[in-house]
Amino acid sequence: MRPTSASFRRAEARAAAGGFTLLELLLVLTLVALLTGLVAPRMWQWVQSARVRAGVDGARAELEALPRRAFSGAKRVEVDAAGPLPLPGGWRLELAAPLVYEANGMTAGSRVRISAGNTLLADWLVEAPAGAVRDARPADGPFSLARSP
């Protein structure tokens, strides 16, 4: 025997229609908003750190290409704060000694630092004579800026 009450018939009709109540929709929207509020800042940090990593990797690739560029162009290449390394705005290049690649692609080497504001992004040692670039280690000693003559 089937119950014939009006409330049962409404519940049965609602179940057959397959819709959602307003309360269910509000609950789902609230959960989505909370999750977005938690995830969005972390995603933004991840995007920013990916941009920094890409900029540092690009600068290192350019630095590693300079010996070949000097050799293939048969001209001397000097690295200073103005170039030839393309750096994003606000980034600073510091050299412990003048970094010069001779026309044959050889260099005397130097220590190179890239920073943005007070944050050190990269600390590399350009090794003589071929210009290989490696990460600086504590055994390489402290960094000191080159003095202008």
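Which residues are linked with Arg60 in a network of salt bridges? Arg60, Glu64 and Asp135 make up this network; a salt bridge is a side-chain nitrogen of Lys or Arg within 4 Å of a carboxyl oxygen of Asp or Glu. The model is predicted: local features need pLDDT of at least 70, side-chain atom pairs count only at pLDDT 80 or more, and totals for chains, interfaces and linings use all residues. Residues are numbered from 1 along each chain as its sequence is written, and side-chain values use heavy atoms, with hydrogens and water left out.

**View 1. Arg60 and Glu64 form a salt bridge (3.3 Å, N to O).** Both residues lie in helix α2, 4 residues apart, about one turn of the helix. Helices (H or I, at least four residues) and strands (E, at least two) are DSSP runs, numbered from the N terminus. Arg60 is partly exposed at 22% relative accessible area, and Glu64 is partly exposed at 33%. Buried means under 20% relative accessible area, exposed over 50%, and partly exposed in between (1.4 Å probe, protein chains only).

**View 2. Four strands form an open sheet in the order β2-β4-β5-β6.** The pairing is antiparallel; two strands pair if DSSP finds at least two bridges between them. Strands β2 (91-95) and β6 (132-135) stand at the edges with a single partner strand each, so one side of each has no neighbour in the sheet. Between β5 and β6 there are 4 bridges, and Val126 stands opposite Val133 in β6. Helix α2 (residues 22-73) packs on the sheet and touches β2, β4 (110-116), β5 and β6, where contact means heavy atoms within 4.5 Å.

**View 3. Asp123 lies in strand β5 (residues 119-127).** Asp123 counts as buried, at 17% relative accessibility. Its side chain makes a polar contact with the side chain of Arg111 (2.8 Å). A polar contact is a pair of N or O atoms within 3.5 Å; within protein, one must be able to donate a hydrogen and the other to accept it, and residues adjacent in sequence count only if both atoms are side-chain atoms. Asp123 also forms a salt bridge with Arg113, the closest N and O atoms being 3.9 Å apart. Arg113 lies in strand β4 and Asp123 in strand β5, so the pair ties together parts that are 10 residues apart in sequence.

**View 4. Gly55 is found in helix α2.** Gly55 counts as buried, at 16% relative accessibility. The C-alpha atoms of Gly55 and Trp91 are separated by 9.7 Å.

Conventions
Axes are lines fitted to C-alpha atoms, for helices over the stretch in contact, and angles run from 0 to 180 degrees between N-to-C directions.
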